[in-house]
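Student: I would like to learn how to read a helix and a core from coordinates. Where do we begin?

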Amino acid sequence: MNDVAAHAGVSLKTVSRVVNGEPGVLPATFERVSQSIAELGFRRNDSARQLRTGRAAGIGLILEDVADPFYSVLTRAVEQVVRGHNCLLLTGSCDDDPDREQELALALCSRRVDGLVIVPAATDHSYLRHEISAGVPVVFADRPPINLSADVVLADNFGGARGGVHHLLARGHRRIGYLGDDPSIYTARERLNGYRRALADVGIEVDERLIAMGRADPPSVRAALDRMLAAPGEATALFCGNNRLSIAVLRALAGRVERPALVGFDDLELADLITPGLTVVAQDPAGLGRVAATLLFDRLAGLTVAPRRIVLPTT
C-alpha cells in the first residue's frame with residue numbers, strides 16, 4: 001500500500017479508503033489510486049486484514065458430493081447469498097464419510113472461516129461444540145445434526161414420500177415397491193416412514209419383501225427389481241427414494257415389455273422427456289441452500305435466538 005501511495009502521490013490512508021471501499025475520496029483521486037493499483041498489480045492481503053478485523057470474509061460449505069446435480073443447485077444458492085455479503089465460499093465434498101466431514105469442518109475452522117453450512121454425514125456432531133463456543137456459527141441443511149443443537153433447514157421428506165405413494169394409491173395400485181437409500185441416512189429413514197404411513201392410511205399392511213434399502217449400484221437395483229416384479233404378488237408400481245435410484249431403476253426397466261408405474265423422490269433432468277413422463281416429488285435444493293445461508297448470516301449479525309428448525313415443502 002505504501003508503494004501504491006507513492007506511485008499515486010497520495011497518503012497511505014487514502015489508499016486504504018480506496019481499497020476498503022470507504023467514503024471520503026474525491027473521484028479524481030479514486031481514479032488515480034485505482035490506476036496505480038492496476039499498474040503495480042497490488043492485491044490486498046486478506047490474511048493481514050483478518051488479523052486486524054477478526055473476520056475472514058469466508059464461509060465454508062460441506063456436502064456429500066459437489067458433482068451431484070441436487071447439491072450443485074444447493075451450492076449455487078449458498079454462493080449467491082454469500083456473494084451478496086461480500087464473502088467468499090469455500091466448498092468441500094465429504095462423500096458421506098463422517099471422518100471426512102469432521103476433517104473438512106475442522107480444517108475450515110482452523111483457517112478461520114466466519115461460519116459453516118453443513119449437509120451432515122457424521123453420526124455425532126459434538127466435535128463442533130468448541131468451534132461454536134469460539135464464535136463460529138454452524139447451520140445444517142438437508143439433514144439435522146446429532147448430539148448438537150443448531151439451526152437446520154430440511155425438506156419435508158416424510159410428507160413428500162407419503163404424498164408420492166398416495167398418488168399411486170389413488171390410481172388403484174396396492175402392491176407398491178419401495179427402493180430407498182441406506183437407512184442410516186436421515187432422509188432415507190424419513191421417506192421410508194412416509195411410504196409406510198401412506199399404506200397405513202388406506203389400511204394396507206406393509207409387505208417387507210417389497211422394500212429394498214441400499215446404494216443405487218446397478219446389480220443391487222436389478223436384484224431388488226427381479227424380486228419385487230416376480231409373480232405371484234409382484235409390485236404394479238414403484239416408489240424410488242432419490243434421483244439416483246430413479247435413474248438406476250429406469251435403466252433396469254428399459255428392456256422390459258411390462259413396466260410398473262413409477263414415482264421418484266427428487267426431480268431429475270429430462271424427466272419430462274421420458275415416455276411416459278416420470279412423476280416426481282420435487283424438493284427445493286435452491287431453497288435449502290438459500291435459507292441455510294440466510295440463517296448463518298443472521299447469526300453472524302448477532303442473532304441469539306434458540307436454534308431454529310425450518311421445514312420446506314415438497315411439490
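**Reading contacts, cores and a helix**

Tutor: Take Val249: beyond its neighbours within four places in sequence, Val249 is in contact (heavy atoms within 4.5 Å) with Leu179, Val221, Leu225, Leu238, Cys240 and Leu262. This is a predicted model: local features need pLDDT of at least 70, side-chain atom pairs count only at pLDDT 80 or more, and totals for chains, interfaces and linings use all residues. Residues are numbered from 1 along each chain as its sequence is written, and side-chain values use heavy atoms, with hydrogens and water left out.

Student: Which residues have the most contacts inside the largest nonpolar core?

Tutor: In soluble globular proteins, nonpolar side chains tend to be buried together. A nonpolar core is a set of buried (under 20% relative accessible area, 1.4 Å probe, protein chains only) Ala, Val, Leu, Ile, Met, Phe, Trp, Tyr and Cys residues joined through side-chain atoms within 4.5 Å. Here the largest has 37 residues, and Tyr195, Leu238 and Val249 have the most contacts inside it. Helix 11 supplies its largest share, five residues.

Student: Which residues of helix 5 are buried?

Tutor: An α-helix has 3.6 residues a turn, so residues three or four places apart point the same way. In helix 5, the buried residues are Phe70, Tyr71, Leu74, Thr75, Ala77, Val78, Val81 and Val82. Down the axis of helix 5 they fall within an arc of 165°, so they line one face. Strand 1 (58-63), strand 2 (88-93) and helix 12 (285-300) are among what covers them.

Student: What marks the start of helix 5?

Tutor: A side-chain oxygen of Asp68 comes within 2.8 Å of the backbone nitrogen of Phe70.

Technical notes. Buried means under 20% relative accessible area, exposed over 50%, partly exposed in between (1.4 Å probe, protein chains only). Helices (H or I, at least four residues) and strands (E, at least two) are DSSP runs, numbered from the N terminus. The arc is that of the directions from the helix axis to the C-beta atoms. A polar contact is a pair of N or O atoms within 3.5 Å; within protein, one must be able to donate a hydrogen and the other to accept it, and residues adjacent in sequence count only if both atoms are side-chain atoms.
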